[in-house]
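Hi everyone, thanks for coming. Let me put the structure up, and then we'll walk through how the two chains meet.

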Amino acid sequence: MEYVNPEGLRLDGRRPMEMRQLRAEIGVVSKADGSAVFEMGNTKVIAAVYGPREVQNRSQQMNDQALVRCEYSMANFSTGDRMRKPKGDRRSTEISLVIRQTMEACILTHLMPRSQIDIFVQVLQADGGTRSACINAATLALADAGIPMRDLVTSCSAGFLNGTPLLDLNYVEDSAGGPDVTVGILPKLDKVTLLQMDAKLAMDTFENVMQLATEGCKAVATYIREILLEHTKQLEFRRGL
Amino acid sequence: MGTSTNGKVNDFSSDMEVDAFRRLFPLRFHERHLAESIRPDGRPLGKARDTTLVLGAVASANGSALAKIGCTTMLAAIKMEVMAPTVEAPDEGCIAIEFHMPPICSPLIRPGRPAEIAPVISKQLSDTILRQEIICHYLELSLVSGKAAWMAYLDIYCLDADGALFDAALLSAVAAFSHLQVPVVSLNDDGRIVLISEDNIAAMKEKEPVNKEKRKLKLDSVPFSLTCVLHKNHILADPTSEEESIMETFLTVVLDSSSFQLVSLNKPGGPGLAHTSAIQECVELAKLRVKEVQKIMNEATSDMEQD
């Protein structure tokens, strides 16, 4: 099947190096300490952060740093066919672990000992790249909650089909069987915190694809910064400054 | 902080900050407001919060709606699947309702331990919508008698829990049903039903479609509800989660929007006792609310059709 036609356009009309349209909104869940909605094309994800608050399970309390918990779940209607088991299955558990470890690396946990930070992510519509959208949404929600972090964490995926590196795969391209590289970086510090790939790829091709994904992450970071600045201006305006 | 004599606490409370008073003595904070016939967010006692409704919020579902009452947000989506009907009812389809409260909606929900109120609301919704086929007859959901019928899965997700959960859930469910479009299917050579996607126009011409075009479900009656909280002799309509946690006596009235007949009435115990007059007053408030909500629903439907 042709994923990149001879004119260089993909199935949804994008160029190989083009990301899908991004859209984000902060402060959507009133009950949460911080929350955000993040959309990458048709993938829509909502993240809510509760914390720092008292540890619910005393035995897990850490005396020198905060405990970070994360849960990833997909809505029953998020995928094409209705999902039977949206939470306990292996994929959800794996992604929960990945998100937790990624965010834990950048939260300054030693500033909040004996407390707990909960990150909950709910996928409302899934069209490929849910992992990346969740990490981006979690970053925004943590920023909205005012939790101290070393840097933003942004994430993007890239693949390699029909001999071309493609940025930000959607569901159809992802299920084509080609490699899927997900990268998560701290943009200002220029460090990689998450790197996952499945399927086979030659070493030099891999470097190209990873470079492309990193560029995508930097573009997401620019967008996230804009959103946060806009939000802060709104807050200033409401306070009458 | 002496709490023994009323007078002492009164003096102390006048010096305290409003927020602190609200957290430490929530009941007295609210009663002070009720004495002036107003509530902390400025609403009169019988008024509900601002309600918004958006149809078609989930593009991949056959019918969906996002309902917001104040801060309470519910997302409902319906997915249709083909199933074999039961032997006793070969001409009828089926509807399955599931209500989820994911941990994002409230700080009191822990992952792994579902909220106490979720199965209660789930059962209330099933009773209101499914029993006696209030929304639509199951015959509407039939495809090929005896062989195939529609199974509609309605999933409602609470995205923000701030009181009056049942009202918002019912509103989003009803709106999703009114937005629902039954997809086009055709009978395969093996005698199985296949979904025809919209780009597959050539296939549509070859095979005989079982139903010609996407159609909307014919809804029998459209129920809307209002939850009130009773406290001493005050009736508060559409409580927030703060009000719900302090004054624990609820009364939920579900009315049919066209004939204003009573669909369901639920007062599940609680410390407050109600005279018949209080119940009648609640039903009157519910009638006003149903008129409001009907208007909002009509606006939302016409907005959808404009697009």
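When I say polar contact, I mean a pair of N or O atoms within 3.5 Å; within protein, one must be able to donate a hydrogen and the other to accept it, and residues adjacent in sequence count only if both atoms are side-chain atoms. Between chain B and chain A there are 10 residue pairs in polar contact, both at pLDDT 80 or more. This is a predicted model, where local features need pLDDT of at least 70, side-chain atom pairs count only at pLDDT 80 or more, and totals for chains, interfaces and linings use all residues. Residues are numbered from 1 along each chain as its sequence is written, chains are lettered from A and ligands numbered from 1 in the order in which they are written, and side-chain values use heavy atoms, leaving out hydrogens and water.

How many salt bridges are there between chain B and chain A? The count is 1, taking a side-chain nitrogen of Lys or Arg within 4 Å of a carboxyl oxygen of Asp or Glu. A:Lys31 and B:Asp162 bring their side chains together in a salt bridge, at 3.8 Å from N to O.

Now the contact itself, meaning heavy atoms within 4.5 Å: chain B gives 28 residues and chain A gives 26. In chain B, the residues that lose the most area to chain A are B:Lys79, B:Ile104 and B:Tyr157, together 25% of what that side buries. Buried area here is the accessible area (1.4 Å probe) that two parts lose on being put together, summed over both. For chain B and chain A that comes to about 2,300 Å², with 55% from carbon and sulfur atoms.
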